[in-house]
Each structure stands twice: as C-alpha cells, then as structure tokens.
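Trainee: I am new to this structure and would like to go through it slowly. Could we take each term, set the value against its cut-off, and then conclude?

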Amino acid sequence: MSFINLKDKVIQVKIVYYGPGRGGKTTNLEYINRRFRKQIQSEMVSLKTHGDRTLFFDFLPFDMGQIKGFDLKIQLYTVPGQIKYNATRKLVLRGVDGIVFVADTQQQMRGKNIGSLNQLHQNLVGLKESIFRIPLVMQYNKIDLRKQGIPVLPTNILEHDLNSKLKVPSFEASALTGYNVPETLKKIISSTVMSIQRKLS
Amino acid sequence: MNYGVVSQEQLEKMDEILTEKLIKIGVDCVVIIDMAGNIITAKDNDKNKYDIYSFAALAAGNFATVDAMAKLVGEQEFSLLFHKGTDCNIHFSKVDDELLLISMFGKEISLGYLRLNVAETIEAIRKLWA
Ligand SMILES: Nc1nc2c(ncn2[C@@H]2O[C@H](COP(=O)(O)OP(=O)(O)OP(=O)(O)O)[C@@H](O)[C@H]2O)c(=O)[nH]1
Ligand SMILES: [Mg+2]
C-alpha cells in the first residue's frame, strides 16, 4: 500500500523486484544506483550473504520529483531469489504497490522462471493481492549473453511461458550493461502511479 | 480505517503527541512506520539526524522477522523488542496491526520510563483513529 502524506505532500511507493535466484534483481538496483546517483539521497542497503546472494532484501530509495504537487518517493526493493527464502520473500512483499519480474533468459532457467512466477502468484494471494491486478512489468534479463553465443530463450517462448495470461509490458534487458534497465523502471513507476491515482479518484 | 492516506490534521496531532510525550522527555528520535516500511511521521530533537528512509525499511523487516519467529514457536507476539547499544537504544512497539512506533534514545532515559511514555503515546494515537 502506498502511503500518502497530505501534510508534507509526499507519496511513498513500494516497488519490488522479484524473480528466481541469480536472475539479476540486485544487479538492476546496482545499475540504477550508479546511473541515477543524483536522485538518490542515501546509500543502497543490501542485506546479503558472504557469497553476495541476497539474504533479506536490497533497498534503494529514489526521488522522482513531483506529480500534482506531491513529492514522489519510490522505494525499490529486491527479494532473495533462492528457493529456501520464501518466508522472507513474503515479508518483503508486504504493502507492495508494483512488481518487476526479473526472468533469467538462460535456457536452463526456463523451469525456474515459471516456478518463481507461480510462487509470486501464491504469495500475493496470501497477502490478499492478485497478480492480475497489481502493476507488473516483465524483464527478460541477461539478453547480452546471446551475443556471446550462450543459449538464451527466444522472447516468444518467454512471452508464452510467463506472459500469455498476464499480458503485461515486457522488456528484453541486461542488468549488467544497463540495457532497458531504466525503461523497465520507468514503465513500472508509471503503471504504479497510474494505479494509485485510480484508487484515489 | 484506511492508513493509505492520513490527513494533515491527523498528522499534526500525531506530531504533537510524539513531541509532548517522547521528545520532551529526552527521546532522540521517534518514527512511526507501517508494516510495508513506509514512514508515517518522524520527529527528532534536532541533534540526531538519521537516514530514516533506510531505517524504516530495515525496522519493518526486523519487526516482521521477529513476529514471524514468534508465530513459529507458538507465541502471538514478542511484546518487548528492544536493542541496547552503548550510546543509543532502540525500542519497537506495535501501535496496531498496521503501525509501529520506534524510539531511539540514549542512556539518560531508563527503559521502564520510556515504556510507560510509549504506552501513553500509543493510547493517544489510537484515539486519533477511533
Ligand atoms: N551476463 C549477465 N549477467 C548478469 C546480468 N544480470 C546479472 N548478472 C549476473 O548474475 C549473477 C547474479 O546476479 P544478482 O543480481 O546477484 O542476482 P539476484 O537475482 O539478485 O540473485 P539472488 O539475490 O540470489 O536472488 C551475478 O553474477 C551478476 O553479475 C546480465 O544482464 N547479464
Ligand atoms: Mg539479489
């Protein structure tokens, strides 16, 4: 649930990057943190293991300027993707306003992507939310590997596996090079803000 | 009840209560957040400046974790959540199912006295929504 402060005219919006382990969620936030440094007031918080896997979440607050006289503060989170951390994923999803699903386009990840999306669906049901209603953007990450000759899933397969029912905006991307990372972010912010405006009016 | 939007009047009253009951007795900083990690309001004594947005995200995560652990061992909740440091202590308290009140305070205040004032603060804040 977004939080709207009518006194200081601030809107806080929570966007969560979700997806299978090692898919590139943290790498998305790290790119955003470097690229948009000027709009970010504080340090990125990363709760991770020694092996750099996300243990609880990454957190990055992001200032989007004003809409209709309100300061828009976007709070970006990632979940830990490893299978065993579903209890933590549910905690991070509490109060979520918008979700980026980061799929890993490597061929052997096909089943993991589908499993993770199904679990997202379940987790949202547990929070009395619905994957069909919440603003959602698909990101097909690591597309840069295609150029290196590493087998990646064609986008029509990914669309079929993950997006044939949801029909949400989707992007091929590379969190490593930054390709379509800002586009993904802009899309989820605009979908989320629109959905909040609809709820308010 | 809808916490999604809090009116200017409610916020001003809440700030008044926090200042009166907690900042005036020497609490360094008090923050009210929701379970999603959003900041509802924050007050400090002008001396201590914290990065409250990161703080709120971590505090919500911390509280949710301890709460989930309580459920696992069959407790409704652990009623006292308190972190003790050399110069700074942090006290968590549930306002209701959606809101948390977090106080940061130094060694001048005893935990007992703080808890008493926090309890009064929470009662006053609940009345705002009643
Ligand atoms: N080639 C390539 N590698 C990537 C890309 N994005 C992430 N990686 C690599 O994939 C590995 C995992 O990335 P993370 O961002 O840590 O993945 P994550 O989704 O946060 O993983 P968990 O925290 O375990 O859920 C790292 O070695 C990254 O450098 C990409 O777009 N292309
Ligand atoms: Mg990660």
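Trainee: Why is Thr41(B) called buried?

Mentor: Its relative accessible area is 7%, and buried means under 20%, with exposed over 50% and partly exposed in between, for a 1.4 Å probe and protein chains only, so Thr41(B) falls in the buried class. Before going on, note that this is a predicted model, in which local features need pLDDT of at least 70 and side-chain atom pairs count only at pLDDT 80 or more, while totals for chains, interfaces and linings use all residues. Residues are numbered from 1 along each chain as its sequence is written, chains are lettered from A and ligands numbered from 1 in the order in which they are written, and side-chain values use heavy atoms, with hydrogens and water left out.

Trainee: What makes the pair of Thr41(B) and Asp15(B) a polar contact?

Mentor: Their side chains make a contact of 2.6 Å, and a polar contact is a pair of N or O atoms within 3.5 Å, where within protein one must be able to donate a hydrogen and the other to accept it, and residues adjacent in sequence count only if both atoms are side-chain atoms. Thr41(B) itself is found in strand E3 (residues 39–44) of chain B; helices (H or I, at least four residues) and strands (E, at least two) are DSSP runs, numbered from the N terminus.

Trainee: Which protein atoms are called donors of the magnesium ion (ligand 2)?

Mentor: They are the OG1 atoms of Thr26(A) and Thr54(A), lying 2.0 Å from the ion, and donors are N, O and S atoms within 2.8 Å of the metal (3.2 Å for Na, K and Ca), although water is not among the atoms, so sites may look incomplete. The two residues come from distant parts of the chain, Thr26(A) from helix H1 (residues 25–35) and Thr54(A) from strand E4 (residues 54–67) of chain A, 28 residues apart. Thr54(A) has 9% relative accessibility and therefore counts as buried.

Trainee: Which other residues are in contact with Thr26(A), leaving aside its neighbours within four places in sequence?

Mentor: They are Met44(A), Thr54(A), Asp58(A) and Thr78(A), where contact means heavy atoms within 4.5 Å. With Asp58(A) there is also a polar contact of 2.7 Å between the side chains.

Trainee: How many residues surround ligand 1?

Mentor: There are 19, and the closest are Lys25(A), Thr27(A), Arg53(A), Gly81(A) and Asp144(A); a residue is near a molecule or strand if one of its heavy atoms lies within 4 Å of it. Polar side-chain atoms also lie by oxygen atoms of ligand 1, at 2.8 Å for Thr54(A), 3.1 Å for Asn141(A) and 3.3 Å for Ser174(A). The protein covers 82% of the 650 Å² of accessible area that ligand 1 has on its own, with areas taken from the Shrake-Rupley method with a 1.4 Å probe.

Trainee: What makes Arg110(A) and Asp161(A) a salt bridge?

Mentor: Their closest N and O atoms are 2.6 Å apart, and a salt bridge is a side-chain nitrogen of Lys or Arg within 4 Å of a carboxyl oxygen of Asp or Glu. Arg110(A) lies in helix H3 (residues 110–126) and Asp161(A) in helix H4 (residues 155–163) of chain A, so the bridge ties together parts that are 51 residues apart in sequence. Arg110(A) is partly exposed at 35%, whereas Asp161(A), at 18% relative accessibility, counts as buried.

Trainee: How far apart are the closest N and O atoms of Lys127(B) and Glu123(B)?

Mentor: They are 3.9 Å apart, and the pair forms a salt bridge. The two residues are four apart in helix H3 (residues 111–129) of chain B, which means that about one helical turn separates them. Lys127(B) has a relative accessible area of 59%, so it is exposed.

Trainee: What makes helix H2 (residues 86–93) of chain A mostly covered?

Mentor: Six of its eight residues are buried, namely Asn86(A), Thr88(A), Arg89(A), Leu91(A), Val92(A) and Leu93(A). Just after this helix, Gly95(A) takes a positive phi of about 70°.

Trainee: Why does Thr184(A) count as buried?

Mentor: Its relative accessibility is 0%, so Thr184(A) counts as buried; its place is in helix H5 (residues 181–200) of chain A.
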